[in-house]
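This briefing goes through a protein model topic by topic. Please look at the sequence and the structure before reading the points below.

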Protein chains: 2
Amino acid sequence: MKAYILFSGGKDSSLCSLMLSKFFEINLITCTFEVTNTTSILSKEISNILGFKHSIFKLDKSVLEEASDIILKDKYPNNGINYIHKKALLEISKSNKNSIIADGLRRDDRVPKLSVSEIRSIEDKYDVCYVSPLMGYGRSFINMMINKFFVIEENESKIIKKCDYESELRMYLYDKIGEQKTDNIFPKSHMQSRVISIKKNI
Amino acid sequence: MKAYILFSGGKDSSLCSLMLSKFFEINLITCTFEVTNTTSILSKEISNILGFKHSIFKLDKSVLEEASDIILKDKYPNNGINYIHKKALLEISKSNKNSIIADGLRRDDRVPKLSVSEIRSIEDKYDVCYVSPLMGYGRSFINMMINKFFVIEENESKIIKKCDYESELRMYLYDKIGEQKTDNIFPKSHMQSRVISIKKNI
């Protein structure tokens, strides 16, 4: 059975892929709004490091617009990011029925987060198994596993080159409302990571 | 690093062990109040089938008494079972500091269930990583994995030979308040399972 993993190039979605690879054929999928081509280039690069199949999934620009409207109304990013994540899960499930759809969400993540009824609705609608393999693990366990398998680069969200929704959202908002206003909306110190090499053969 | 898994002989804790075995040295632990010796005999037998190390952990009878008091007051078993599970996690963490303590709880389980603050309290107190590897998975995914790896026997809680808290709780309450009153407290149709053989080499 095939597992399609929402892949941001970060340590969590990389570890999620590794854990599922012991049991399933892994297909990484990176979503983009094509605000920048960094998303496509970088995610392909990190997928090659991990040695898993990879594809790009273009999400409709209207999803980004709706998410940025939510964020500007809320003045914080959580609900907007959640909105994108749900839309991404729905679209990928729709395109890959009868398969496993996975993400790298963890026990300690506050966002994105799906309720049990939202999960069941996706599963029933598209006959998929939606799984979050890291959901039963806390920060210390996950860090231990990551240090065992990967070399990662860690820095502020604003600085690190990444291929997640937040990076494209930020760039979109820079254009729309300017850099200073955007930076005020996102948390000041938000460390992000990406895998730069693997320590041992997966 | 060693992983200690609360092991009931059922399909969930067996699958949990299998999944962690790809990364850690597995030590199954079955808790008993010694209400019956079935717990010890059966859990050892199923551990041998799985091929993992196994030990018995004696929980204090006062925990069973307190749990049965809770259940008789509530007139349903959830809080009592939760109480035993937390005590078991605490005791096993205390005896195995600096290790991984795991259970087979799933996304859809209503009981036992720990809050994030209860989890953090155990982790901080005994320097363990408490993990529930199946927490990110729904029923259909778990059933698929179980069918891939195990042959299981499934029947009503009351009939199937098992080595979980509920079996000993029921037997203790049979003695205390009689069979009919006990059966009225526990849900009428509650399917339980145990592994009887493995399909492919783990």
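A polar contact is a pair of N or O atoms within 3.5 Å; within protein, one of the two must be able to donate a hydrogen and the other to accept it. One such case is the side chain of S95(B), which reaches the backbone oxygen of E91(B) at 3.1 Å. The model is predicted.

**Two serines**

- S95(B) belongs to helix α4 of chain B, which covers residues 78–95.
- The relative accessible area of S95(B) is 47%, so this residue is partly exposed, a class that lies between 20% and 50%.
- Between S95(B) and Y126(B) there are 31 residues of separation in sequence, while their C-alpha atoms are 8.8 Å apart in space.
- S193(A) is part of strand β7 of chain A, residues 191–198.
- With a relative accessible area of 5%, S193(A) is under the 20% limit and therefore counts as buried.
- The side chain of S193(A) reaches the backbone nitrogen of K11(A) at 3.3 Å.
- Leaving aside residues up to four places away in sequence, S193(A) touches G9(A), G10(A), K11(A), I152(A), E153(A), E154(A), I160(A) and K162(A).

**The interface between chain A and chain B**

- In chain A, 26 residues are in contact with 26 residues of chain B.
- About 2,300 Å² of area is buried between the two chains, and carbon and sulfur atoms give 67% of this area.
- Which three residues supply more than any others of the area that chain A buries against chain B? They are F23(A), R107(A) and F141(A), with 27% of that area.
- There are 4 salt bridges between chain A and chain B.
- In one salt bridge, the side chain of R120(A) meets that of D108(B), with 3.0 Å from N to O.
- Polar contacts between chain A and chain B involve 10 residue pairs, with both residues at pLDDT 80 or more.
- Four elements of chain A each supply at least two residues of the side that touches chain B: α1 (11–21), α5 (116–126), β5 (129–131) and α6 (139–149).
- Helix α6(A) gives the most to this side of chain A, with 6 residues.
- By type, the residues on the side of chain A that touches chain B are 17 nonpolar, 3 polar and 6 charged.

**Aromatic rings**

- A pair of aromatic rings is described by two values, the distance of the centres and the angle of the planes.
- Over all chains, the structure holds 6 aromatic pairs.
- The ring centres of F23(A) and F149(B) are 6.0 Å apart and the planes are at 80 degrees, which is over the 60 degrees needed, so this pair is edge-to-face.
- Why does this pair join two chains? F23(A) lies in the loop between α1 and β2 (25–32) of chain A, whereas F149(B) lies in helix α6 (residues 139–149) of chain B, so the pair joins the two.
- F23(A) and F149(B) are both buried.
- Y137(A) and F141(A) form a stacked pair, with 4.4 Å from centre to centre and 15 degrees between the planes.
- Are Y137(A) and F141(A) buried or exposed? Both Y137(A) and F141(A) are buried.
- F24(A), Y137(B) and F141(B) are linked into a cluster by ring pairs.

Notes: Residues numbered from 1 in each chain as written. Chains lettered and ligands numbered in written order. Predicted model: local features only at pLDDT ≥ 70, side-chain atom pairs only at ≥ 80, totals over all residues. Heavy atoms only, no water. Contact = heavy atoms within 4.5 Å. Buried area = accessible area lost by both parts, 1.4 Å probe. Nonpolar A, V, L, I, M, F, W, Y, C, P; charged D, E, K, R; others polar. Phe/Tyr/Trp six-rings, centres within 6.5 Å; stacked < 30°, edge-to-face > 60°. Buried < 20%, exposed > 50% of the residue type's maximum accessible area, 1.4 Å probe, protein only.
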